[in-house]
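Please look over the sequence and the model shown below. The paragraphs that follow lead through selected parts of the fold.

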Amino acid sequence: MELLRQKVDTAARAVRRAGWLRVVYEAALALFCAFTEVVLCAAYAPTQQSLVVIGLFGLAGMCAALVIVPLRRLRPMTALGLGAALGLVHFGTGFMLIVLAAGAGYRARRAPAILLGFGFVLVMSMIGAVAQTDSGLLFGLLVGVMLFCLSAVAPAAVAAMIAQRRLLVMTMHQRNLELHQERLLVAGQAQARERNRIAAELHDSLGHRLTLMSLYTGGLSQSLVPAGASSTTSTMTATPQVTEALSLLRDTSAQAMGELRQILRILHQDGSVEAGRSLDEVEATVASARATGTPIELVRSGEPRPLNLLAEHAAFRVVQEGLTNALKYAGGASVKVEVRFEDDALFVEVRNRPGRFWEGPSTGQGLLGLAERVRLAGGVLSHGPVDAGGFRLGALLPYESEVPETMLDPGDFPQEIRRSGRRQRNGLIAVVGALGVALVAAVGAYVTAGSPEPLPENVFNSFRAGDDEVRTRELLPTAPLGSRTTDQGASCETYLADLSVQPESGGEVRYEVCFRGGVVDSKRVLQPRGSG
């Protein structure tokens with residue numbers, strides 16, 4: 001029951017995230033598929049004499065389509081199998097099967113499920129075609145293969161190519177965003193270098209000014225003591241030289257202080273440097289997060305050990321980032337924060353259950369920066385989904401470690417380009433192969449069916465119940481259109497009537513001759529469907 005509730009919640013969140021155009025499109029597609037199923041199920045109803053049976057078949061097909069078509073977004077292979085089973089009543093194909101096959105090709109990823117699902121569709125297509133045709137088993141099998149290739153394999157391959165193309169475009173878009181961010185970062189670094197250069201120049205200028213101040217002060221001290229007089233008995237008078245020295249000292253000090261303020265203003269343009277944070281601040285951070293109404297459990301265990309500044313700051317940032325992500329992407333869900341001091345390392349983890357998803361934009365850079373911070377502290381960061389929709393963020397930080405060397409991650413963008421190219425080629429090969437197999441199956445079905453030999457009307461009228469079977473078969477065509485066995489044990493064979501009795505309105509008149517016990521048991525004329 002819990003699993004069903006989670007699946008319903010997932011579907012509800014998907015509906016909320018979808019725009020109104022998507023919802024209208026899905027509703028219109030489901031209704032159109034339901035309409036086509038009504039028409040097909042009613043047309044291939046087992047009896048044409050009862051409108052009630054026809055209506056029941058059409059209603060069943062409509063209800064099944066309204067359930068199966070939306071199901072393809074959550075369980076594409078399950079929906080495809082149900083659609084193939086429903087197609088048994090109309091040649092094992094239909095417009096809904098095309099939609100479901102395209103959905104499976106677009107969303108399905110596991111190869112075993114894909115092979116099993118499409119194998120089931122092939123079996124259902126062949127069974128449906130054999131059941132709906134009277135031209136022999138081989139003809140029905142070939143028709144089923146042709147319909148399977150056209151209505152299942154080809155749409156799935158085209159949809160898979162579209163999905164791969166869309167994934168490649170999204171990957172390239174993300175790559176462009178990352179390059180844009182890197183360009184901004186490089187520009188910021190260049191600005192910082194230029195500011196540092198200007199600050200260094202101002203520092204040199206400030207040093208020059210302070211040197212002048214020192215010289216002026218020395219000159220002032222000399223001018224206050226007259227020549228030939230001791231410093232304890234002489235009277236200090238403000239001579240013109242003293243006045244000038246004091247003026248120079250005042251001006252030079254003002255210039256030095258102004259330049260110092262310029263240096264500080266330039267150095268602070270990049271933002272103040274964040275001070276190192278301590279694990280002692282975790283309680284305050286958790287308390288501020290609890291103030292939002294989110295239930296948060298803090299668990300501390302183990303004997304506290306001293307950490308280097310990098311490791312302790314990284315541990316605090318793991319807790320801070322985990323709480324931020326939990327509040328943003330799982331609103332209202334319970335959160336557990338664990339800080340555990342083990343024998344050789346500190347383990348920090350933030351785990352949350354599924355909650356309300358945040359609809360706003362996200363840069364996705366928080367975890368990347370946190371991973372680099374943990375790596376510089378000698379630790380390892382791990383994160384991923386857990387508990388059927390929840391999420392965990394954890395780090396393992398050693399007590400003593402050296403700062404590792406910087407490693408540049410080249411990324412897997414070139415590999416993704418190559419994989420996308422291979423999948424595009426595989427999809428194209430699948431489409432061409434499906435069309436080729438369908439063409440071969442169609443030709444084979446045409447050759448297998450051939451032109452049936454008609455049974456002349458006068459020959460059929462000459463048959464009487466009780467005639468010898470051997471002599472009667474000598475007058476019949478060599479290949480019947482179909483055969484069946486009645487409940488009484490009679491073997492009945494169907495033959496095409498000649499052109500003289502075929503109606504002009506369409507359809508085929510057929511003759512059925514039944515044998516039992518070595519003699520003719522009965523015969524009858526089979527009128528086309530819908531005729532009086």
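Phe-460 is buried, with a relative accessible area of 4%; buried means under 20% relative accessible area, exposed over 50%, and partly exposed in between (1.4 Å probe, protein chains only). This is a predicted model, in which local features need pLDDT of at least 70 and side-chain atom pairs count only at pLDDT 80 or more, while totals for chains, interfaces and linings use all residues. Residues are numbered from 1 along each chain as its sequence is written, and side-chain values use heavy atoms, with hydrogens and water left out.

The surroundings of Phe-460 come next. Tyr-511 counts as buried, at 3% relative accessibility. The ring centres of Phe-460 and Tyr-511 lie 4.0 Å apart and the ring planes stand at 5°, so this pair is stacked. Rings of Phe, Tyr and Trp (its six-membered ring) are taken as a pair if their centres lie within 6.5 Å; planes under 30 degrees apart count as stacked, over 60 as edge-to-face and the rest as tilted. Phe-460 belongs to helix α13 (residues 457-462) and Tyr-511 to strand β8 (residues 510-516), so the pair ties together parts that are 51 residues apart in sequence. Helices (H or I, at least four residues) and strands (E, at least two) are DSSP runs, numbered from the N terminus. Lys-523 also lies over the face of Phe-460, at 4.7 Å from the ring centre. A charge sits over a ring if NZ of Lys or CZ of Arg is within 6 Å of the ring centre and within 35 degrees of the ring normal. A further arrangement of this kind involves Arg-473, whose charged end sits over the ring of Phe-515, 4.5 Å from its centre.

How many aromatic pairs does the structure hold? There are 2. In one of them, the rings of Phe-32 and Phe-95 have centres 5.0 Å apart and planes at 90°, so the pair is edge-to-face. Phe-32 is part of helix α2 (residues 20-43) and Phe-95 is part of helix α5 (residues 95-107), so this pair ties together parts that are 63 residues apart in sequence. Phe-32 counts as partly exposed at 43% relative accessibility, and Phe-95 likewise counts as partly exposed, at 33%.

The chain as a whole may now be considered. The protein chain contains 14 helices and 9 strands. Of its 532 residues, 32% count as buried. Among contacts between residues at least 6 apart in sequence, 67% join residues at least 24 apart; contact means heavy atoms within 4.5 Å.

The packing of helices is the next topic. Two packed helices are described by the angle between their axes and the distance between the axes. Helix α10 (residues 309-329) packs against helix α11 (residues 366-376) at an angle of about 160°, with the axes 9 Å apart. Axes are lines fitted to C-alpha atoms, for helices over the stretch in contact, and angles run from 0 to 180 degrees between N-to-C directions. The angle makes α10 roughly antiparallel to α11; angles under 35 degrees count as roughly parallel, over 145 as roughly antiparallel, 65 to 115 as roughly perpendicular and the rest as oblique. On the α10 side, the residues making the contact include Leu-310, His-313 and Asn-325, and on the α11 side they include Gly-366, Leu-367 and Leu-376.

Helix α10 also packs with helix α9 (residues 282-290): their axes come within 10 Å and cross at roughly 5°. That makes α9 roughly parallel to α10. Here Val-282, Thr-285, Val-286 and Ala-289 of α9 meet Phe-316, Val-319, Leu-323 and Leu-327 of α10.

Is Asn-325 buried or exposed? With a relative accessible area of 14%, Asn-325 is buried. Residues up to four places away in sequence aside, Asn-325 touches Ala-330 and Leu-367. The C-alpha atoms of Asn-325 and Leu-367 are separated by 9.6 Å, and these residues are 42 apart along the chain.

Another asparagine, Asn-352, is placed in strand β3 (residues 345-352). Asn-352 is buried, with a relative accessible area of 8%. Leaving aside neighbours within four places in sequence, its contacts include Ala-326, Ala-330 and Phe-391.

Finally, helix α4 (residues 76-86) is mostly covered, since 8 of its 11 residues are buried. Among them are Pro-76, Met-77 and Leu-86.
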